[in-house]
Amino acid sequence: MKILILGIGGIGGFFGAYLQQSGADVTFLVRPKRKDLLLKNGLKVISPLGNLNLKPNLVLANELKPIYDIILISCKTYDLDQAILDLRLTKGKGLIIPFLNGMTHLMKLDEEFGSEKVMGGVAHISSTINEDGTIEHFSQFKKLTFGNRIYNQNYLLKPFLDVCEKTKFDVVLSENITIDLWKKWIFISTVAGATTLFSSTLGEISNHEVGKKTLIDLYMECRSIAKLNGFKIDDNEANSVLDNITAEGSPIKASMQRDVEKNAFTEHEEIFGHLISKAQNYNFDSRILTSCYLKMKLYYEKLI
């Protein structure tokens with residue numbers, strides 16, 4: 001099985017590195033500048049799973065051919081249009097599994113490649129890429145969840161599941177990937193919303209009673225939007241998530257907050273803006289989420 005990974009950052013680089021370590025046939029699609037850096041320094045990962053320093057197989061967009069069985073997309077959502085252009089030479093073969101936040105990417109990928117070729121994917125990880133290209137993994141979260149969005153066709157992904165099960169990360173072949181996508185959207189909206197609104201880690205926020213209450217209220221607000229759109233999360237699972245995000249001393253902050261600290265572009269439109277539009281369809285007042293969105297709109301206006 002030949003695997004192509006677009007995006008060699010905190011998600012694609014991390015999971016791709018452990019796939020390569022396990023013996024999988026992995027190729028990374030990169031730009032010329034990134035290729036030069038990787039050829040010089042290698043693909044380095046710092047992780048509780050064990051550090052890696054690998055020599056990756058690299059390809060440029062103009063060198064692509066329709067030879068890949070699985071194509072993983074892990075770029076930022078605002079880079080998706082360029083990613084689609086870069087992948088056009090692969091059309092005709094392979095399943096696409098995007099690990100992007102929100103839902104807007106699925107519509108674009110469906111239009112270009114066909115919904116029967118576009119799977120659903122969720123990455124559970126806290127990681128970042130440093131200036132020297134090293135990927136740093138911060139927590140015990142290290143799971144890929146993926147599934148076919150067309151009912152009862154997960155057999156198409158079984159060979160890729162078998163490859164992933166040989167790695168050190170966790171993997172799940174979902175029977176309902178759409179609800180998993182919503183769960184991740186709610187989770188990331190809460191974590192990104194709170195950590196950018198307060199410019200702090202989850203633990204620092206939860207250290208104050210009002211901060212902990214705000215985290216809980218924000219999650220419940222996002223959960224309500226999902227329910228209005230037909231995706232219900234049961235109380236036991238919701239309580240488990242709340243225990244996690246309000247854990248004492250948690251060092252976690254969303255990648256969006258790390259992007260802010262780097263004065264970089266963010267995915268606030270795809271994560272916050274689109275979710276707010278889903279709330280507005282039902283005249284639901286998402287006050288805390290809207291405050292998070294406004295914070296990022298003001299940040300973006302200063303950035304550009």
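Mentor: Before we start, contact here means heavy atoms within 4.5 Å, and helices (H or I, at least four residues) and strands (E, at least two) are DSSP runs, numbered from the N terminus. This is a predicted model, in which local features need pLDDT of at least 70 and side-chain atom pairs count only at pLDDT 80 or more, while totals for chains, interfaces and linings use all residues. Residues are numbered from 1 along each chain as its sequence is written, and side-chain values use heavy atoms, with hydrogens and water left out.

Trainee: OK, what covers the buried residues of α8?

Mentor: The cover includes α6 (177-198), α7 (202-206), α9 (235-245), α11 (268-280) and α12 (287-303). Buried means under 20% relative accessible area, exposed over 50% and partly exposed in between, with a 1.4 Å probe and protein chains only; the buried residues of α8 include Gly211, Leu218 and Cys222.

Trainee: And how many disulfides does a search of the whole structure find?

Mentor: The search finds zero, a disulfide being a pair of cysteine sulfur atoms within 2.5 Å. Cys222 is in none, and its nearest cysteine sulfur, that of Cys292, is 7.9 Å away; Cys222 counts as buried because its relative accessible area is 0%.

Trainee: Switching to Leu60, where does that lie?

Mentor: Leu60 is in the loop between β5 (58-59) and β6 (70-73), and it counts as buried because its relative accessibility is 16%.

Trainee: Which residues does Leu60 touch, not counting those up to four places away in sequence?

Mentor: Leu60 touches Leu29, Val30, Arg31, Pro32 and Lys35, and its C-alpha atom is separated by 6.0 Å from that of Arg31, 29 residues apart along the chain.
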